[in-house]
Amino acid sequence: MVELYIVRHGETDTNYTGKINGSATDLSLNETGKKQVEHLKEHLNINDFDEIYASPLKRAQETAAILNQDTLEIQTDKRLREINYGSWDGLLADDVHEKYPNCFDENGYLTKNYSDYSQNAETYQSVLDRLQSFINDMSDKGNKKILVVCHGFVTRSFVQLVTETPDIEDILEPINASVTQIKISNKTGRTYLGYYGRLENI
């Protein structure tokens, strides 16, 4: 089995202030975010991993660097970047909700029809397609343990693919600096969800 340990980056100021935080919002971790990742580092032994991949965005790169401790080469993969929310990226979610309430579910997450209203927005299907490509590549890795540092919506999308959940609205966002484990069969390519949003006992 290939084991993927998918880490959501630590907190940024856009997370803290309730802004829409996609790939066009490329902020560093805030102090809380750094502390969250340091906490995770205490429960994760980087020497147990064979490879590490990270989104190109600053918040993911910084998270990966803290966890990696200069042990492995951090391989940047643009397929792991957060969804691009287009013209809504960086706006206060409450302000957008006031104008487009039909684009939010009851948990305050954007629904897939949002891309009909936000200019230059990436569709949910586009994210699924690039993540499926990443999973396909990882399935050829043998029996490796691989750390994958990415984002909230991307993590939800990984889980949607693995569990074949029809609607991503059924998957709540993992908290910052948490870990989700996915396993991929070397023989069949079948994927399995080990756990979701764990903070300790990685």
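**Close-up 1. Glu3, a residue of strand S1.** Strands here are DSSP runs of E with at least two residues, helices are runs of H or I with at least four, and both are numbered from the N terminus. This is a predicted model, in which local features need pLDDT of at least 70 and side-chain atom pairs count only at pLDDT 80 or more, while totals for chains, interfaces and linings use all residues. Residues are numbered from 1 along each chain as its sequence is written, and side-chain values use heavy atoms, with hydrogens and water left out. Glu3 is buried yet has no salt bridge. Buried means under 20% relative accessible area, exposed over 50%, and partly exposed in between (1.4 Å probe, protein chains only). A salt bridge needs a side-chain nitrogen of Lys or Arg within 4 Å of a carboxyl oxygen of Asp or Glu. For Glu3, the nearest side chain of opposite charge is Lys183, 4.4 Å away. Lys and Arg count as positive, Asp and Glu as negative, and His and the chain ends are not counted. Leaving aside neighbours within four places in sequence, Glu3 is in contact (heavy atoms within 4.5 Å) with residues including Lys144, Ile146 and Gln181.

**Close-up 2. Helix H6, residues 152–163.** Take a look at how covered this helix is: ten of its twelve residues are buried. Among them are Phe153, Arg156, Phe158 and Val162. The covering parts include strand S1 (2–8), helix H5 (124–138) and strand S4 (145–150). Strands S5 (179–184) and S6 (191–198) also belong to what covers the buried residues of H6. The expected span of a helix is 1.5 Å times one less than its number of residues. H6 is followed by Glu164, whose phi is positive, near 55°.

Close-up 3. In one of them, the side chains of Lys141 and Glu51 meet at 3.2 Å, N to O. Lys141 is partly exposed, with a relative accessible area of 24%, whereas Glu51 is buried, at 9%. Glu51, Lys141 and Lys144 are linked in a network of salt bridges. Arg79 forms a salt bridge with Asp137, and their closest N and O atoms are 2.8 Å apart.

**Close-up 4. A salt bridge between Arg130 and Glu122.** Their side chains meet at 3.0 Å, N to O.

**Close-up 5. The largest nonpolar core, with 32 residues.** A nonpolar core is a set of buried Ala, Val, Leu, Ile, Met, Phe, Trp, Tyr and Cys residues joined through side-chain atoms within 4.5 Å. Leu4, Leu80, Leu110, Tyr114, Val148 and Phe158 touch the most other members. H5 gives the most to this core, with six residues. Apart from this core lies another, of 19 residues, among them Phe49, Ala64, Val149 and Val179.
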